[in-house]
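Let's take a look at a protein chain together, one piece at a time. Have the sequence and the 3D view open as you read.

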Amino acid sequence: MSGVWLFRDGVVRRVENPGAEDGSSRQGSSSRRKVLVHTASNEVITSYAVLERKLNSLGWERYYDDPELLQFHKRSTVHLISLPMDFNKLKPMHMYDIVVKNKNVFEVKDM
């Protein structure tokens with residue numbers, strides 16, 4: 001007997017394939033797209049050009065050590081932000097890296 005027991009609306013029931021059942025399952029919630037948002041302007045970062053302008057204003061400089069990565073370094077710190085060259089390959093882990101290294105400037109939101 002396989003499956004998962006779900007408790008929803010006061011009812012417990014066994015479901016064979018919880019990801020295929022409906023949009024309110026775990027799969028539906030994890031498929032939401034994450035976006036990086038500049039908190040001061042509430043602007044969604046839609047390209048590396050926009051991101052680079054925001055980072056430059058915070059003291060980050062482009063670092064050209066690896067041709068396969070887009071990297072930024074801040075002279076006053078040991079931090080390095082490394083991103084894939086293709087903006088479409090930017091993942092939540094990259095976004096959270098930017099957030100952690102720029103506290104109260106960026107946030108990651110569900111779209």
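## The order of the pieces

Going along the sequence, the pattern is β-β-α-α-β-β-α-β-β-β-α-β. That makes four helices and eight strands. Here helices (H or I, at least four residues) and strands (E, at least two) are DSSP runs, numbered from the N terminus.

This is a predicted model, where local features need pLDDT of at least 70, side-chain atom pairs count only at pLDDT 80 or more, and totals for chains, interfaces and linings use all residues. Residues are numbered from 1 along each chain as its sequence is written, and side-chain values use heavy atoms, with hydrogens and water left out.

The predictor's confidence in each residue is called pLDDT and goes from 0 to 100. The chain's mean is 85, with 85% of its residues at 70 or more. Confidence is highest in helix 3 (residues 48-57), at a mean of 97, and lowest in helix 2 (residues 26-30), at 49. Over residues 23-29 the pLDDT is below 50, and this stretch has seven contacts in the model beyond near neighbours in sequence. A contact means heavy atoms within 4.5 Å.

Which residues of helix 4 are buried? They are His 94, Met 95, Ile 98 and Val 99. Buried means under 20% relative accessible area, exposed over 50%, and partly exposed in between (1.4 Å probe, protein chains only). Seen down the helix axis, the buried residues of helix 4 fall within an arc of 140°, so they line one face; the arc is that of the directions from the helix axis to the C-beta atoms. Why does that work? An α-helix has 3.6 residues a turn, so residues three or four places apart point the same way.

Met 93 and Val 100, on the other side of helix 4, are exposed. The buried residues pack against strand 3, helix 3, strand 7 (80-84) and strand 8 (106-110).

## Zooming in on His 94

His 94 sits in helix 4 and has a relative accessible area of 13%, so it counts as buried. Leaving out residues up to four places away in sequence, His 94 touches Ser 82, Leu 83, Pro 84 and Lys 89.

Across the chain, buried residues make up 27% of the 111 residues. Of the contacts with a separation of 6 or more, 35% are between residues 24 or more positions apart.
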